[in-house]
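The sequence and the structure come first.

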Amino acid sequence: MPEQQTPPKFFITHSWKDIDFTKRLCDDLRANGLAGFFDAYSIKPGDVVSAEISRGLEACDIYVPILSHAALKSPWCEEEIHAAITLGKLPGRNGRPRIIPVLVEDCQDEMPIFLRSRLYINFAGRYDEALKELLTRGFGVLPKSPAPPMLPEQPVPHS
């Protein structure tokens with residue numbers, strides 16, 4: 001039997017101003033069989049935040065910075081972006097993590113110089129199409145079909 005590959009693990013960086021989008025994206029990634037680090041789900045009370053972020057970054061295969069005007073002004077997002085870029089250049093990591101920028105609004109002109117050369121996925125106004133692109137081209141997984149909508153029960157006619 002061929003050896004089954006483990007799906008790649010993700011790490012998501014985001015601004016808290018983009019939390020609704022980020023939760024939706026993380027939930028959709030998980031619904032498609034992927035696992036990874038998203039601070040709102042991965043850090044628990046009592047954890048040392050910086051240590052958990054470091055562990056999550058080092059364990060990820062794919063780094064997904066959620067880019068918006070707010071994220072690009074955030075010193076914390078900037079720190080995580082630079083840490084991911086540095087990790088990918090370390091010996092023995094073979095370019096891991098792969099960085100796939102996700103744009104939630106038109107902010108390409110503000111992107112850090114080291115992200116500008118990377119192909120990004122634009123989610124602005126095209127969430128479903130962009131999610132499919134991220135899953136197939138970014139993560140290399142086929143999107144799971146959404147569950148068919150439940151039809152209301154029809155009353156049984158009495159004879």
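Is phenylalanine 21 buried or exposed? Phenylalanine 21 counts as buried, because its relative accessibility is 18% and buried means under 20% relative accessible area, exposed over 50% and partly exposed in between (1.4 Å probe, protein chains only).

The model is predicted, so local features need pLDDT of at least 70 and side-chain atom pairs count only at pLDDT 80 or more, while totals for chains, interfaces and linings use all residues. Residues are numbered from 1 along each chain as its sequence is written, and side-chain values use heavy atoms, with hydrogens and water left out.

**Aromatic pairs**

A pair of aromatic rings is described by the distance of the centres and the angle of the planes. Rings of Phe, Tyr and Trp (its six-membered ring) pair if their centres lie within 6.5 Å; planes under 30 degrees apart are stacked, over 60 edge-to-face, and the rest tilted. The whole structure holds seven aromatic pairs. Two of them are set out here.

| Pair | Centre distance | Plane angle | Class |
|---|---|---|---|
| Phenylalanine 11 and tyrosine 63 | 5.9 Å | 25° | stacked |
| Phenylalanine 21 and phenylalanine 123 | 5.4 Å | 85° | edge-to-face |

Helices (H or I, at least four residues) and strands (E, at least two) are DSSP runs, numbered from the N terminus. Phenylalanine 11 lies in strand S1 (residues 9-13) and tyrosine 63 in strand S3 (residues 62-67), so their pair ties together parts 52 residues apart in sequence. Phenylalanine 11 is buried at a relative accessible area of 0%, and tyrosine 63 is buried at 0% relative accessibility. Ring pairs also join Phe11, Phe37 and Tyr63 into a cluster.

In the other pair, phenylalanine 21 belongs to helix H1 (residues 19-31), and phenylalanine 123 to the loop between strand S6 (121-122) and helix H7 (127-139), 102 residues apart. Phenylalanine 123 is buried, at 4% relative accessibility.

**Nonpolar cores**

A nonpolar core is a set of buried Ala, Val, Leu, Ile, Met, Phe, Trp, Tyr and Cys residues joined through side-chain atoms within 4.5 Å. The largest has 24 residues, of which Leu25, Leu29, Phe123, Leu134 and Phe139 touch the most other members. S1, H1, S3 and H7 each give two or more residues to this core, and H7 gives the largest share, six residues. A second, separate core of 16 residues includes Phe37, Ile53, Leu67 and Leu87.
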